[in-house]
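I opened the model to look through its two chains. My entries follow in the order I made them.

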Amino acid sequence: MAALYGKNESTCPMSIESGATPWRQLLAKEGGRLLLFARQQTRSEADAQDVLQEAFLRIWKSKPDSAAVHPGEVYTAIRRTAVDLGRQIDRRGLREAKTVAMDQAEGVHLSWFDRKTEQDERRAALESAIRKLPGDQQEVLILKIWGNLTFDDIGKALGLSANTAASRYRYSLTTLRRILNPKQIQT
Amino acid sequence: MNPQHEASDDLSRLEAELTSLEPESLPELLQERIELAMAGRDGPDQADVASPGLKSIGADPAFYKSEPGFRRSRLVRFLLAPSAAAALVVLTLAVLFLRDPSGNGSVDTEEGLGELQIVDMEPDGSFIDPNVATFSPGRTQTILFDIIDDGIVWTSENEAVRQIRYLFVESVSLQNPDGSTLRIDTPIEEVFQEPVETF
């Protein structure tokens with residue numbers, strides 16, 4: 001199982017220099033991964049985008065010029081912002097419903113992953129399976145695979161121990177395999 | 001093969017397959033929106049971090065919580081910059097519309113000053129054919145930038161109302177056949193007032 005957990009175990013801070021341009025470069029480079037996590041944490045595309053924006057601005061605003069921002073901090077900010085937003089959802093339930101209705105009516109592109117022509121069917125199956133995972137497994141999987149975080153960092157971002165994060169990751173893969181190959185697992 | 005190893009290999013393969021999936025890239029409009037929000041703030045510092053959970057789409061919540069005079073001046077400063085740019089673009093477009101439709105670039109004046117020749121030139125000195133280089137409307141997007149609840153305010157008619165302001169940025173993109181594009185961002189503020197009962 002070492003191979004399973006051996007990837008990207010070292011910390012890899014997002015190198016962010018001072019000034020707006022490096023931040024914009026970072027946004028362009030890492031934005032897709034951050035948005036993926038924001039989508040997982042929220043109920044609608046509009047909320048995901050709002051949460052990403054607010055979280056990104058919080059980090060940008062709070063960091064001194066020469067600091068290197070650890071990716072875990074950005075993901076933590078996204079999660080906290082999403083939690084805060086979740087608390088408000090009841091208060092603006094109607095608006096939320098309208099947003100979802102608009103998304104559906106306008107056929108907003110809500111795919112989590114890039115559509116690559118030759119493997120589109122498989123991508124769709126994987127994405128569908130990921131969406132069926134329980135939320136706690138989903139977030140660990142996303143942070144590990146696409147966030148490139150260590151279990152220690154995932155634990156810090158989600159308020160868990162590293163062991164629990166690793167355990168959830170393994171569960172998520174097992175559950176995914178079961179969803180994707182139900183017959184194979186039964187035999 | 002040992003079933004345990006087989007299962008482990010299976011998971012490793014699945015993991016590799018997942019890794020090969022690339023998250024969808026950030027929508028261009030969202031990136032623009034965040035950049036716009038960054039432009040509207042002072043920049044990285046240790047000061048006022050946004051209040052949790054505020055449905056702020058780009059503006060600094062602390063900025064709206066500060067004293068009214070400061071708040072207004074910041075708002076005006078923020079709104080004036082794009083307004084000036086938009087005005088410049090509108091002026092340019094107006095000059096283009098004043099041209100003779102025949103395309104010879106002349107404008108008749110009432111003062112009898114004769115014909116004013118307006119010509120565009122390429123960097124290499126050659127003339128641009130006005131019939132070719134024309135901007136055509138492309139994408140129009142209205143972005144909700146922020147919602148500000150001013151609470152209960154009194155109108156000039158001494159009526160108590162609840163006031164909510166919606167800040168938008170209307171973005172219009174124009175495109176030239178040669179591939180060049182022009183974007184005009186116009187800040188818009190819509191104010192809604194709902195009368196409230198007073199006792």
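I started with burial in chain A: of its 187 residues, 39% count as buried. I call a residue buried if 20 or more other C-beta atoms lie within 10 Å of its own, exposed if 12 or fewer, and partly exposed in between, with C-beta atoms placed from the backbone. This is a predicted model; local features need pLDDT of at least 70, side-chain atom pairs count only at pLDDT 80 or more, and totals for chains, interfaces and linings use all residues. Residues are numbered from 1 along each chain as its sequence is written, while chains are lettered from A and ligands numbered from 1 in the order in which they are written.

**Chain A, fold.** I counted ten helices and zero strands in chain A. Helices (H or I, at least four residues) and strands (E, at least two) are DSSP runs, numbered from the N terminus. I then looked at contacts, taking two residues as touching if their C-beta atoms, placed from the backbone, lie within 7 Å. Among chain A contacts between residues at least 6 apart in sequence, 64% join residues at least 24 apart.

**Chain A, one residue.** I picked A:I130, which lies in helix 6 (residues 120–132). Is A:I130 buried or exposed? A:I130 counts as buried because it has 23 C-beta neighbours inside 10 Å. Leaving out residues up to four places away in sequence, A:I130 touches A:Q138, A:L141 and A:L176.

**Chain A, helices 7 and 9.** The axes of helix 7 (residues 135–145) and helix 9 (residues 162–180) of chain A come within 8 Å and cross at roughly 100 degrees. Axes are lines fitted to C-alpha atoms, for helices over the stretch in contact, and angles run from 0 to 180 degrees between N-to-C directions. The two helices are therefore roughly perpendicular to each other; the cut-offs are under 35 degrees for roughly parallel, over 145 for roughly antiparallel, 65 to 115 for roughly perpendicular, and oblique for the rest. From helix 7, the contact includes A:V140 and A:L141; from helix 9, it includes A:Y169 and A:S172.

**Chain B, confidence.** Next I read the pLDDT, the predictor's confidence in each residue, from 0 to 100. Chain B has a mean pLDDT of 66, and 52% of its residues reach 70 or more. Over residues 45–76 of chain B the pLDDT stays under 50, and the model has 51 contacts beyond four places in sequence for them. Residues 100–116 of chain B are also below 50. For the model I noted ipTM 0.71 and pTM 0.52.

**Chain B, sheet.** Three strands of chain B form an open sheet in the order 3-4-5, with antiparallel pairing. Strand 3 and strand 5 stand at the edges, each with a single partner strand, so one side of each is left without a neighbour in the sheet. Strands count as paired if DSSP finds at least two bridges between them. I found 15 bridges joining strand 3 (residues 136–154) to strand 4 (residues 160–175). In strand 4, B:S171 is the bridge partner of B:Q141, and B:V169 is that of B:I143. Strand 4 and strand 5 (residues 181–195) pair over 15 bridges. There B:F168 stands opposite B:I188.

**Chain B, turns.** In the hairpin of strands 3 and 4 of chain B, five residues lie between the strands, and B:N158 takes a positive phi near 60 degrees. Strands 4 and 5 of chain B form a hairpin with five residues between them, where B:G179 has a positive phi of about 100 degrees.
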